[in-house]
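The sequence and the model are shown first.

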Amino acid sequence: MENANINLSIIIPTYNNGKLVAKAIQSASTYGGTDLEILVVDDGSTDGSTNELQNIDPRVQVIHKENGGVSSARNLGLQKAQGEYVLFLDADDQLTPEWGQQMEHLKGQDLILFNYQTSKGEIRNINRQCLLSGDELEEYRCTMISNPTKNLTVWGKFLRRQVIEEHGLHFDENLSFAEDGDFMVAFMLEIQSLQLVPASFYRYL
């Protein structure tokens, strides 16, 4: 039975990421709400890096599987997720200490987009806050799909899980390159609303 109290599922695929995955979890744990679950999908790690992760935060669940690649790990995370929304966090990335403040934007939109940070500073793709639908959404969708490298990474976005489930969306486990873009194009074609937020909470490391 699904937990109706879970608003967001953070999915972290990991394979032999050592202490980095613990830091990723610690960055997510700065949000204190009980409407969060952190799903760590261990894709057959052999370095013992996931043995103690559940001790970091009681909201952490470690899911073990045989090694099959990041797409299969993300797919398993989607199968286990209970949140209304999902957020993909790579094991070698982190969220900012204030990331939980952005949870207030989860109000029924299909997709919420943000800026993000790198070692060189903030990457600002979004300069205004607004909700897009209809013709505005179609125009923005075309802009995003025309530049997939810039816009269609899967991490650092809030995706409504209902859209994924209703349309049977999943990561192509046969792809070894651009699996993010493949999934996001399929997702973008199904959404009816998109929220732009000119803030950043994701650190791409």
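## Basis of the model

The model is predicted: local features need pLDDT of at least 70, side-chain atom pairs count only at pLDDT 80 or more, and totals for chains, interfaces and linings use all residues. Residues are numbered from 1 along each chain as its sequence is written, and side-chain values use heavy atoms, with hydrogens and water left out.

## The chain as a whole

The secondary structure comprises six helices and ten strands; helices (H or I, at least four residues) and strands (E, at least two) are DSSP runs, numbered from the N terminus. The chain has a radius of gyration of 16 Å, close to the 17 Å that the globule rule gives for 205 residues, so it is as compact as a globular protein of that length. That radius is taken over C-alpha atoms, and the globule rule is 2.2 Å times the number of residues to the power 0.38. The C-alpha trace spans about 50 × 40 × 35 Å along its principal axes.

Of the 205 residues, 54% are buried, where buried means under 20% relative accessible area, exposed over 50% and partly exposed in between (1.4 Å probe, protein chains only). Among contacts (heavy atoms within 4.5 Å) between residues at least 6 apart in sequence, 79% join residues at least 24 apart.

## Residue L39

L39 belongs to strand β2, residues 36-43. At 0% relative accessibility, L39 is buried. Not counting residues up to four places away in sequence, L39 touches I10, I11, I12, Q61, I63, G77, K80 and A81. The C-alpha atoms of L39 and V62 are 6.1 Å apart, although 23 residues separate the two in sequence.

## Aromatic pairs

The whole structure holds twelve aromatic pairs. Rings of Phe, Tyr and Trp (its six-membered ring) pair if their centres lie within 6.5 Å; planes under 30 degrees apart count as stacked, over 60 as edge-to-face and the rest as tilted. The F114 and F158 rings, with centres 5.3 Å apart and planes at 90°, are therefore edge-to-face. This pair links strand β6 (residues 111-118), which holds F114, to strand β9 (residues 158-160), which holds F158, across 44 residues. F114 is buried at 7% relative accessibility, and F158 is buried at 0%.

The rings of Y116 and W155 are also edge-to-face, because their centres are 5.0 Å apart and their planes stand at 85°. Y116 lies in strand β6 and W155 in the loop between α4 (148-151) and β9, so the pair ties together parts 39 residues apart in sequence. Both Y116 and W155 are buried. Ring pairs also link Y31, W99, F114, F158 and F201 into a cluster.
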